[in-house]
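Visitor: Hi, I'm new to this one. Can you put it up and walk me through a few spots?

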Amino acid sequence: MASRPIDRIATGPAFTQADADALNARFAGVDAPAMLREVLADGVLGRVAVVSSFGTESAVLLHLVAAADPATPVIFVDTLKMFPETLAYRDTLVAHLGLTNSSVVTPDPDVLAAKDENGLRWSYDPDGCCAIRKVEPLARAKRGLDSWISGRKAFQSVTRENLPRFEVEDGRMKLNPLGDWVKDDLEAWFERHGLPRHPLEAEGYLSVGCSPCTSKVLPGEDPRAGRWRGWDKTECGIHGVPEATPEGDLPPGYEPFL
């Protein structure tokens with residue numbers, strides 16, 4: 001009697017660095033709109049979503065995605081510390097671009113009660129605050145994804161130099177369609193397509209995150225200089241840091257300073 005095939009559950013990573021290298025080679029020289037149309041149409045990224053902060057430059061990536069496939073899932077992490085203007089801008093962009101599959105993820109209320117009961121953790125431990133309000137909620141939202149699309153650009157800060165279009169992080173493919181765009185490219189796209197601007201940009205907020213940790217950028221400063229001003233911190237933790245645990249803790253070696 002023939003033996004029955006054994007059912008196996010795939011537990012390995014969805015993608016490897018070799019996959020990223022192949023995609024970088026495949027789309028070398030292809031512009032971002034065409035690349036997005038192709039990867040979203042042929043399913044090469046598997047289960048994919050856009051992660052957007054709905055910040056000052058977010059409209060460009062979201063416009064490109066909407067033009068390629070407006071049903072692409074769009075995830076927004078509401079840390080519950082966002083500017084009211086950002087929440088309003090999110091609604092404006094979703095409607096303006098015709099995005100049909102947007103969702104919001106928020107921090108775990110039990111984790112907040114245990115680790116940020118008074119809501120002031122940002123003031124003495126911004127890494128820990130980001131871990132429970134942004135990193136863990138996004139990790140939760142990404143659990144069903146094979147890939148995700150980021151709005152990072154190399155020009156934004158020295159920590160984002162040499163940004164590849166395709167990279168692998170925690171076994172998922174991360175796509176940075178605007179990685180090689182510069183500020184003039186973004187400005188031209190806003191003008192050409194009449195995209196709405198974030199209401200705080202005109203006030204000098206060139207990079208907008210949570211309200212307690214975002215300040216205006218002075219002339220000549222790095223566009224992200226207004227984020228976590230006065231702290232030795234340049235990223236919230238969702239880029240390049242291993243995922244947080246369900247309890248909101250970062251892995252060993254990434255503990256908050258305090």
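Visitor: Leaving aside neighbours within four places in sequence, what is H63 in contact with?
Guide: H63 is in contact with L97, W189, H193 and L195. Contact means heavy atoms within 4.5 Å. One caution: this is a predicted model, where local features need pLDDT of at least 70, side-chain atom pairs count only at pLDDT 80 or more, and totals for chains, interfaces and linings use all residues. Residues are numbered from 1 along each chain as its sequence is written, and side-chain values use heavy atoms, with hydrogens and water left out.

Visitor: Is H63 buried or exposed?
Guide: H63 is buried, at a relative accessible area of 17%. Buried means under 20%, exposed over 50%, and partly exposed in between (1.4 Å probe, protein chains only).

Visitor: And where is H63 placed?
Guide: In helix α3, residues 58-68. Helices (H or I, at least four residues) and strands (E, at least two) are DSSP runs, numbered from the N terminus.

Visitor: New topic. Which strands does β1 pair with?
Guide: β1 pairs in the parallel sense with β4 over three bridges, and with β2 over two bridges, also parallel. Two strands pair if DSSP finds at least two bridges between them.

Visitor: Which residues are buried on each side of β1?
Guide: V48 and V50 on one side, A49 and V51 on the other.

Visitor: What about D127, which helix is that in?
Guide: D127 lies in α6, residues 126-142. D127 is partly exposed, at 31% relative accessible area.
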